[in-house]
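Let's take a walk through this fold, starting with the overall layout and ending with a couple of charged pairs. Have the viewer open as you read.

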Amino acid sequence: MTTCMDILHAEFGYQGIVMTDWVTPMTGDARSAHRDSQAQYVAAAGGDLFMPGNKGDYDNLLQGIDSGAVTLEQVKINASRVVKMARALTQE
């Protein structure tokens, strides 16, 4: 499986974050291409920020960690990129 990490970070050397589009309102619509979007799979693929994010997404991510769909190490890597970006944006 090719992930964001494989292409953006490893192949192109991209150092920023990967954020989803605002897909949550469309996840329940059977016609939507984003109907199966789940935070645990986005995180496993190297997505750093699942937008807009809600309690259900948080619970889904925890379920993914518990089931092994995403590793805690991957979640920490994703979160560290968000923290790094926030620090860079707040430095003057």
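Predicted model: local features only at pLDDT ≥ 70, side-chain atom pairs only at ≥ 80, totals over all residues.

Residues are numbered from 1 along each chain as its sequence is written, and side-chain values use heavy atoms, leaving out hydrogens and water.

Of the 92 residues in the protein chain, 28% count as buried, meaning under 20% relative accessible area, with exposed being over 50% and partly exposed in between (1.4 Å probe, protein chains only). Take the contacts (heavy atoms within 4.5 Å) between residues at least 6 apart in sequence: 62% of them join residues at least 24 apart.

Next, zoom in on α4. This helix covers residues 72–90, and its 19 residues should span 27 Å at 1.5 Å a residue, which agrees with end C-alpha atoms 27 Å apart; the expected span is 1.5 Å times one less than the number of residues. Which residues of α4 are buried? They are Gln74, Val75, Asn78 and Arg81. Those four cover an arc of only 125° around the axis, so they sit on the same side of α4; the arc is taken from the directions from the helix axis to the C-beta atoms. The buried residues of α4 pack against α1 (4–11), α2 (39–44) and α3 (55–67). Over on the other side of α4, Glu73, Lys76, Arg87 and Thr90 are exposed.

Finally, the charged pairs. The structure holds 2 salt bridges, each a side-chain nitrogen of Lys or Arg within 4 Å of a carboxyl oxygen of Asp or Glu. In one, the side chains of Arg81 and Asp48 meet at 2.8 Å, N to O. That pair ties together distant parts of the chain, 33 residues apart: Arg81 belongs to helix α4, Asp48 to the loop between α2 and α3. Arg81 counts as buried because its relative accessibility is 13%, and Asp48 is buried at 11%.

The pairing of Asp59 with Lys55 has its closest N and O atoms 2.7 Å apart. Asp59 and Lys55 are 4 residues apart in helix α3, so about one helical turn separates them. Here Asp59 is partly exposed at 28% relative accessible area, while Lys55 counts as exposed at 57%.

Definitions and conventions:
Helix = DSSP H or I, 4+ residues; strand = E, 2+ residues; numbered from the N terminus.
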